[in-house]
Amino acid sequence: MEKYLNEEIESKGCIHISLVDPEKLSPIEAGSLASLIERAGSSAVMVGGSLNVSESSMDELIKTIKESCSLPVIIFPSNVNTISRYADAIWFMSLLNSINTYFLIGAQVQGAAIVKRYNLEALPMGYIVVGDGGTVGIIGQARPLPPTKAEVIALYALAAQYLGMRFVYIEGGSGVQDPVPPSTVSYVRRVVSSKLIVGGGIRRRDQAEEIAKAGADIIVTGTVLEERGVEEKLKSIIEGVRAGGKAKLERRGV
Ligand code: 1GP
């Protein structure tokens, strides 16, 4: 999975991943949504949510997604009970600005043996919640990092990189009003070389394009899948990701 993601990022400059929340979708809805996600051009599907998710709801949803499209599925865990054997990989993540050690290392210790038993590829990721952070900020007891405090966010990201985390996720929180500012993304980009994931509140093409141009490697959107006109909206966001990724590659002279 990591090799696939890196190759996709290498060729496109920036890629898009759709986030599906088991609490918000029935497996039947998820089936048609999964093929729509593939048609629209996402590179993978992430499955997870902060509230009311169980291993069985993860299993059902992931099986349906795998039957309905050929995209790889990555677990976006909120707790140890969201690890499913049917996924291809898991973000093995630590919520770096949580004040609760459970979200820093406790859940990871409890989940590690399950990940091994299910033979899931573990993708090491530092997770940084900025702004109010939405539900995940509350559940994960994140100490709020102001979205414009780029220099502090960058230090969290750099610490993650030095700890060996090959992915860093700057999370604005699902459904928040404003995404992480592109200026913050470009600041962090200049400091770290880990793959940079950005998500939370991205609803439009121009927002996705600016964040990709600023240096994001992966853009995640979830809420848009629950809205009317999803196919059109998703395609337009992914066009923005492509345009921003292309600009990024051109800047690098690729
Ligand atoms: C949440 O960053 C993701 O973890 C996606 O956010 O639901 O706002 O697209 P949205």
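Student: By class, how many nonpolar, polar and charged residues does the lining of the largest pocket have?

Tutor: The lining has 22 nonpolar, 20 polar and 6 charged residues (Ala, Val, Leu, Ile, Met, Phe, Trp, Tyr, Cys and Pro are nonpolar; Asp, Glu, Lys and Arg are charged; the others, Gly among them, are polar). The model is predicted, and local features need pLDDT of at least 70, side-chain atom pairs 80 or more, while totals for chains, interfaces and linings use all residues. Residues are numbered from 1 along each chain as its sequence is written, and side-chain values use heavy atoms, without hydrogens or water.

The largest pocket has a volume of about 800 Å³ (the space filled by probe spheres set on grid points, which are joined across faces, edges and corners). Of its 48 lining residues, Ser50, Phe76, Ser78, Tyr127 and Val136 are the closest to the centre. A pocket is an open set of points on a 1 Å grid over the protein atoms alone, where a 1.4 Å probe fits, with protein on both sides within 12 Å along at least five of seven lines; lining residues have an atom within 4 Å of a point. Two or more lining residues come from each of strand 4 (89–95), helix 4 (101–117), helix 5 (134–139), strand 6 (167–171) and strand 8 (DSSP runs numbered from the N terminus: helices are H or I, at least four residues, and strands E, at least two).

Strand 8 is covered on both faces, with Ile218 and Val220 buried on one side and Ile219 and Thr221 buried on the other (buried is under 20% relative accessible area, exposed over 50%, partly exposed in between, with a 1.4 Å probe and protein chains only). Strand 8 pairs in the parallel sense with strand 1 (residues 15–20) over 4 bridges and, also in the parallel sense, with strand 7 over 3 bridges (pairing takes at least two DSSP bridges). Ile218 in strand 8 stands opposite Ile15 and is also the bridge partner of Ile197.

Helix 8 (residues 205–213) has Gln207, Ala208, Glu209, Ile211 and Ala212 as its buried residues. Their cover includes helix 7 (182–191), strand 7 (195–199), strand 8 (218–221) and helix 9 (230–252). Ala208 lies in helix 8 and counts as buried because its relative accessibility is 0%. Beyond its neighbours within four places in sequence, Ala208 is in contact (heavy atoms within 4.5 Å) with Ile202, Ile219, Ile237, Gly240 and Val241. Gly48 is 160 residues from Ala208 along the chain, and their C-alpha atoms are separated by 21 Å.

After helix 8 comes Gly215, with a positive phi near 125°. Gly215 is among the residues that line the second largest pocket, along with Ile9, Glu10, Gly13, Arg189, Ser193, Lys195, Asp217, Lys248, Arg251 and Arg252. Helix 1 (2–12) and helix 9 each give two or more residues to this lining, and the largest share, 3 residues, comes from helix 9. The second largest pocket holds about 170 Å³ of space, and its lining divides into 1 nonpolar, 3 polar and 7 charged residues.

Positive phi values also occur outside glycine here. Asn119, in the loop between helix 4 and strand 5 (121–129), has a positive phi of about 60°. Asn119 is exposed, with a relative accessible area of 69%. Gln141, in the loop between helix 5 and helix 6 (150–162), has a positive phi near 50°. Gln141 is partly exposed, at 34% relative accessible area. Most residues other than glycine have a negative phi.
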